[in-house]
Amino acid sequence: MLSALALALHALAAVVWVGGMAFAYLFARPALGALEGPQRQTFWRGTFARFFPVVWGSVGLLLATGYYLTFVTYGGFANVGVHVHVMHLLGLVMMAIFAHVFFAPWRRFARAVDAGDRQTAARNIETIRKLVAANLTLGLLVVAIGSSGRFWP
Ligand code: HEM
């Protein structure tokens, strides 16, 4: 029963994190082209201030439930399929990228927007854009691997 709960929470955390990145990158970003630069920066300032704490929650849940499933449900990494090893490695890479985004360009971006320094803000949101693109790509890959792996030959 706890394994079922862990897997459900694991999948939900992945959906919220990867789905949020997909919405930001594929839908909000292109639509914002119609707005002026300062308005776009204000939008991202408010959006990421709400989204990033949720991503921290997803990271915590993915780790806790992922290790629960690995160690308690399956009895350790020696007993899991190759898809779990790949998910684990790529998941840790995604978390490192997110932690970097949060502590470096996001902090600089938020401070710059608050101070009205549009150039610094523009430079840092561009870095965030590239890293979110990388994490979205990895996230889609990890979801495909994590969910299909149990049927691999
Ligand atoms: C970083 C540490 C992680 C560990 C230790 C871990 C571990 C696991 C394990 C043991 C399973 C069950 C696999 C099976 O029964 O065949 C699983 C499933 C899954 N994981 Fe992870 N995972 C991690 C990170 C992630 C991340 C970052 C994502 C996505 C962003 C993710 C997405 C999924 C998905 C979609 C499933 C399948 C859920 C379903 O049954 O539909 N995992 N994971």
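The model is a predicted one, in which local features need pLDDT of at least 70 and side-chain atom pairs count only at pLDDT 80 or more, while totals for chains, interfaces and linings use all residues. Residues are numbered from 1 along each chain as its sequence is written, and side-chain values use heavy atoms, with hydrogens and water left out.

Arg 29 belongs to helix α1, residues 2-31, where helices are DSSP runs of H or I with at least four residues, numbered from the N terminus. With a relative accessibility of 37%, Arg 29 counts as partly exposed, a class that lies between buried (under 20% relative accessible area) and exposed (over 50%), computed with a 1.4 Å probe on protein chains only. Between the C-alpha atoms of Arg 29 and Leu 5, which are 24 residues apart along the chain, the separation is 34 Å.

Helix α1 packs with helix α2 (residues 37-73) at an angle of about 150 degrees, and their axes are 8 Å apart; such axes are lines fitted to C-alpha atoms, for helices over the stretch in contact, and the angles run from 0 to 180 degrees between N-to-C directions. This angle makes α1 roughly antiparallel to α2, since that description applies to angles over 145 degrees.

The structure also holds three salt bridges, each being a side-chain nitrogen of Lys or Arg within 4 Å of a carboxyl oxygen of Asp or Glu. In one of them the side chains of Arg 45 and Asp 114 meet, at 2.9 Å from N to O. Because Arg 45 lies in helix α2 and Asp 114 in helix α3 (residues 82-115), this pair ties together parts that are 69 residues apart in sequence. Arg 45 is partly exposed, at 23% relative accessible area, whereas Asp 114 is exposed, at 54%.

Glu 126 forms a salt bridge with Arg 129, where the closest N and O atoms are 2.8 Å apart, and both residues lie in helix α4 (residues 118-148), three residues or about one turn of the helix apart. Glu 126 also forms a salt bridge with Lys 130, with 4.0 Å between the closest N and O atoms, so that Glu 126, Arg 129 and Lys 130 are linked in a network of salt bridges.

How values were computed
Helix = DSSP H or I, 4+ residues; strand = E, 2+ residues; numbered from the N terminus. Parallel < 35°, antiparallel > 145°, perpendicular 65-115°, else oblique.
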